[in-house]
Amino acid sequence: MTLSAYLALALILFCIGLYGALTKRNTVIVLICIELMLNAVNINFVAFAKYGAHPGVHGHVFALFAIAVAAAEAAVGLAALIAFYRNRKTVQVDEANSLKH
Amino acid sequence: MMNLAWVVPLFPLCSFALLLLFGRKWKKASAYVGIAATLLSLLAALGVLAGRLGGTTYEANWTWMEIGDVTLTAGFSVTALNAWMLVVVALVSWLVHIYSQGYMAGDERFSTFYAYLGLFTFAMLGLVLSPNLLQAYIFWELVGLGSFLLIGFYFYKEEAKAAAKKAFIMTRIGDVGFFIGMLLLFWQTKSFDYDDIFRAVGDGTLSPGMTTLTAILIFIGAIGKSGQFPLHTWLPDAMEGPTPVSALIHAATMVAAGVYLVAALFPLYEASEAAMMTVAVIGGVTAIFAATIGLVQTDIKRVLAYSTISQLGYMMLALGSGSYVAAIFHLTTHAFFKALLFLAAGSVIHAVHTQNIEEMGGLWRRMPWTAPLFLVGALSISGVPLFAGFFSKDEILAAAWANGSVELFWLAVAAALLTSFYMFRLFFLVFVGEARHRHDGDAHEAPMSMVGPMVVLGILSVAAGYIQTPWFGSFLGEWLTDGTYHHEAAPGWIAVVATIVSLAGILLAWLMYGKRAVPRDWLSARAPHGYELLRRHYYIDDLYRWTVVALVSFISRLLAYVDRYLVEGLVRLVTGTISAAASAGSRGQNGQAQTYGAVTVAGLAILVVIFALTGGNWL
């Protein structure tokens, strides 16, 4: 029962993240939403590590890795966003269409 | 020489091809190419005639194609009839080629005109040489094409365009009959060859019913081409073409093709009483019918056109009465005098720039060559003794009398009276009396290139009669029938009657239009309805317009709607569905990664739902 509660929280969090990532036009919000989805996954890892069929330390380690990679990703993403903003004076994703035209 | 007969049609074909390729560059010289080609044809045809005079029938055939156990052959044959027709066609064609040099001078499409003349001459000579029906049919259609191109030569004139189409379609109606008849004969006899067909008729392979049916079907083709009632209405309209064309195609040669076809298939017709009767009745009716219309027309060429129809009716009457010789004799003399009349009419039109005889008059002094030559032609066609038309018409009247159909005989006599009347009405209105035309001052005689051919035809319009006379022997008859000809001694009174009616017609015309002793509207004032009936050609054109044409155009309009809304609708539905699907699909492909992601999620969601509903069993 406790596991389902965690999983439900993770599911809700993931869906909010997914919704934001697919619909929002502001790149900063999209990046934040991606963070939400990653954190939903982290909750899953930790929940299964504690209440899963085979409790152990692997889940915790994976969660820490994911947090580290997410931090790196956020750094790269924000750096790219700043470079983009300097060039185009905008942070809207749908205006990043130089390759299209 | 007879084994080289195939070169006769080849010269005009060469002229056609050369003029098509180089005509624009050669311009005026095109005429010399055409004239030289037809002269060579004429010489070759004379050679063939000489060969046939001293020899017997020559026929050469090659295998054209083999389909199963049926072999189709192609070749040429030189019979008495063929050799004779070759000379007539080549001669008239050559004269018309020379005449056109003057008549068509200055025309923008001068070389094209000569090219078409070459094509027509080639087709006509090819038709005459054909030894089988299939080949004849091919050339028959080519002749129709030549006629179409030449009637529509002034295609920028609406009337000419319409007339060309009308001629083509009307003759096509007849051709369908010819085609069906030909196929029936092939089905029954397994051959298109004239000789094989005659053999089948002779030994009874062809049942009497089938003989009658095929003969009549092929006669329908002849009705179309020869302008017989009821498919005659295209011929007067065909006068929209240049006058030399009217002379060559619509008087002397092509329209005689129908008569020639029936003559060439004569043994088939002879075997069927009913078919002979049909030919005779159609011919007789056409002869009088067209002659009555000719009485009231005011266009010089139309009068001549109706006269042509009437004379072709005479030929058919002769064929139907069993006198093949009389028909060919009249065909020959008619070719000369009618070509002469048309060429003379062309010369008049050339001079006064109108075709309306009411606007002519008093041209006798202004045209010292044309006027007497026209008179010769008119005397010949009216059947005045010693002119060619007298002998051939006499022969036909005798044949009709000998055949025993008294009604047809008197019809023919009445038509002869009308013929001489309308011809001399024409003569008196055009050449005698005071000038009524606006261009009085510039009316002048035609150049020598136009007068020359007319002089030759004028001589022939007299001389051609003497190849078959009661006095000097019947050379043509004996020759056409290979000596088996026996000239039935026609009652002498027939010639007397023919002479009386022709002179009576001339006298009547003179009284009304020459001396004006009888007022011109003497008859038309007494019978205004009859006059109107004749002036409107018995309303036949209107009848066709309100029945056949209306029906066909109604059906075609109906089908056009079906095509536009049903067939095209279905096609539009298909294309519309596909393009709607395509534009919906392409809207999704907009270069935005977010949209792709959303579509992917939606797809995944659908898969998950399906998976959940089915429990994964469908995998």
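This is a predicted model: local features need pLDDT of at least 70, side-chain atom pairs count only at pLDDT 80 or more; totals for chains, interfaces and linings use all residues.
**Entry: Leu386(B)**

I looked up where Leu386(B) sits, and found it in the loop between α16 (370-382) and α17 (388-402) of chain B. I then checked its backbone. Leu386(B) isn't a glycine, yet its phi is positive, about 80°.

**Entry: Lys89(A)**

Lys89(A) has a positive phi of about 55° and is not a glycine. I traced Lys89(A) to the segment after α3 (58-88) of chain A. Buried or exposed, I wondered, for Lys89(A)? It is exposed, because I get 8 other C-beta atoms within 10 Å.

**Entry: chain A as a whole**

I went through the secondary structure of chain A and came out with 3 helices and 0 strands. Along the sequence the pattern reads α-α-α. The radius of gyration is 17 Å, whereas the globule rule gives 13 Å for 101 residues, so chain A is more spread out than a compact globule. Its C-alpha atoms fill a box of roughly 50 × 25 × 20 Å along the principal axes.

I looked at burial next: buried residues are 11% of the 101 residues in chain A. For contacts with a separation of 6 or more, 50% in chain A join residues 24 or more positions apart.

**Entry: annotated spans in chain A**

I checked the UniProt record, an unreviewed entry. Its "transmembrane region" annotation covers residues 6-22, 29-49 and 61-85 of chain A. I set two of these spans against the model. Residues 6-22 of chain A are 100% helix and 0% strand, with end C-alpha atoms 24 Å apart. Residues 61-85 of chain A also come out as 100% helix and 0% strand, and here the end C-alpha atoms are 36 Å apart.

**Entry: where the chains touch**

How many residues of chain A are in contact with chain B? I find 6, and they meet 6 residues of chain B. On the chain A side, I sorted the touching residues by class: 3 are nonpolar, 1 is polar and 2 are charged.

**Entry: chain B as a whole**

Chain B has 25 helices and 4 strands. I noted the span of its C-alpha trace, about 115 × 65 × 55 Å along the principal axes. Of its 619 residues, 51% count as buried. Residues 24 or more positions apart make up 80% of the chain B contacts with a separation of 6 or more.

**Entry: the core**

I then went looking for the largest nonpolar core, which has 208 residues. Leu86(B), Val259(B), Ala339(B) and Ala412(B) have the most contacts inside it. Which helix gives the most to this core? It is α15 (residues 324-352) of chain B, with 20 residues.

Setting aside residues up to four places away in sequence, Ala339(B) touches Val92(B), Ala247(B), Ala251(B), Ala252(B) and Leu457(B).

**Entry: Val245(B)**

Val245(B) lies in helix α10 (residues 243-252) of chain B. I see 30 C-beta neighbours inside 10 Å, so Val245(B) counts as buried. Beyond its neighbours within four places in sequence, Val245(B) is in contact with Leu150(B) and Phe153(B). Leu150(B) is 95 residues away along the chain, but the two C-alpha atoms are separated by 6.7 Å.

**Entry: helix α7 of chain B**

I looked at the sides of α7 (residues 194-203) in chain B. Tyr194(B), Ile197(B), Ala200(B) and Val201(B) are buried.

The buried residues pack against α6 (158-189), α8 (208-225), α11 (256-264) and α12 (266-270) of chain B. After α7(B) comes Gly204(B), with a positive phi near 85°.

**Entry: a cis bond**

Last, I looked at peptide bonds. Most peptide bonds are trans. From Phe229(B) to Pro230(B), however, I find a cis one, with omega near 5°. Pro230(B) is in the loop between α8 and α9 (234-237) of chain B.

Notes
Residues are numbered from 1 along each chain as its sequence is written. Chains are lettered from A and ligands numbered from 1 in the order in which they are written. Two residues are in contact if their C-beta atoms, placed from the backbone, lie within 7 Å. Ala, Val, Leu, Ile, Met, Phe, Trp, Tyr, Cys and Pro count as nonpolar, Asp, Glu, Lys and Arg as charged, and the others, Gly among them, as polar. UniProt positions are given in the numbering used here, feature names are shortened, and annotations may be inferred rather than shown by experiment. Helices (H or I, at least four residues) and strands (E, at least two) are DSSP runs, numbered from the N terminus. A nonpolar core is a set of buried Ala, Val, Leu, Ile, Met, Phe, Trp, Tyr and Cys residues joined through C-beta atoms within 7 Å. A residue is buried if 20 or more other C-beta atoms lie within 10 Å of its own, exposed if 12 or fewer, and partly exposed in between; C-beta atoms are placed from the backbone. The radius of gyration is taken over C-alpha atoms; the globule rule is 2.2 Å times the number of residues to the power 0.38.
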